[in-house]
Amino acid sequence: MGGIHAESEEGIVMSTYQMVSRHVEAALAEGAGQGIAGDVVARCLLSEAIRIFRLGRSNDDIAAELTAAIDNLDEDAPLSFIRP
């Protein structure tokens, strides 16, 4: 993951995944500080991701993206696209 890179405030190049992960961790910490459960924060993040997808993607494309994520929830199973 994270083939796209972004320049950080410190001038260090980081992957897009690392950049987003840092913000997610900050959102979780802020939510916890306010007594908001992590799964509630995650639901809000998912809603925001879908909102962003809708800016330039069709509903079918978004559904395919979410289905692919669902199909790969089990980390111990082979990725769905390489299953026989």
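**Helix packing in the predicted model**

Helices H1 and H2 pass each other in a right-handed crossing, as seen in a structure that is a predicted model. Two packed helices are described by the angle between their axes and the distance between the axes. For H1, which spans residues 16-33, and H2, which spans residues 38-54, the axes come within 9 Å and cross at roughly 135°. That angle makes H1 oblique to H2, because only angles over 145 degrees are counted as roughly antiparallel. The contact is formed by Val24, Ala27, Leu28 and Gly31 on the H1 side, which meet Gly38, Val41 and Leu45 on the H2 side. By class, the residues of this contact comprise five nonpolar and two polar, with no charged residue among them.

The packing of H2 against helix H3, which covers residues 59-71, is described by an angle of about 140° and axes that lie 10 Å apart. H2 is therefore oblique to H3, and the crossing of H2 with H3 is right-handed. From H2, the contact draws on Leu46, Ile50, Phe53 and Arg54, whereas H3 contributes Asn59, Ile62, Glu65 and Leu66. In the contact of H2 with H3, five residues are nonpolar, one is polar and two are charged.

Aromatic rings were also examined. A search of the whole structure returns zero aromatic pairs.

Key:
Residues numbered from 1 in each chain as written. Predicted model: local features only at pLDDT ≥ 70, side-chain atom pairs only at ≥ 80, totals over all residues. Heavy atoms only, no water. Axes fitted to C-alpha atoms, helices over the stretch in contact; angles between N-to-C directions. Helix = DSSP H or I, 4+ residues; strand = E, 2+ residues; numbered from the N terminus. Parallel < 35°, antiparallel > 145°, perpendicular 65-115°, else oblique. Left-handed = near helix turned anticlockwise from the far one by under 90°. Contact = heavy atoms within 4.5 Å. Nonpolar A, V, L, I, M, F, W, Y, C, P; charged D, E, K, R; others polar. Phe/Tyr/Trp six-rings, centres within 6.5 Å; stacked < 30°, edge-to-face > 60°.
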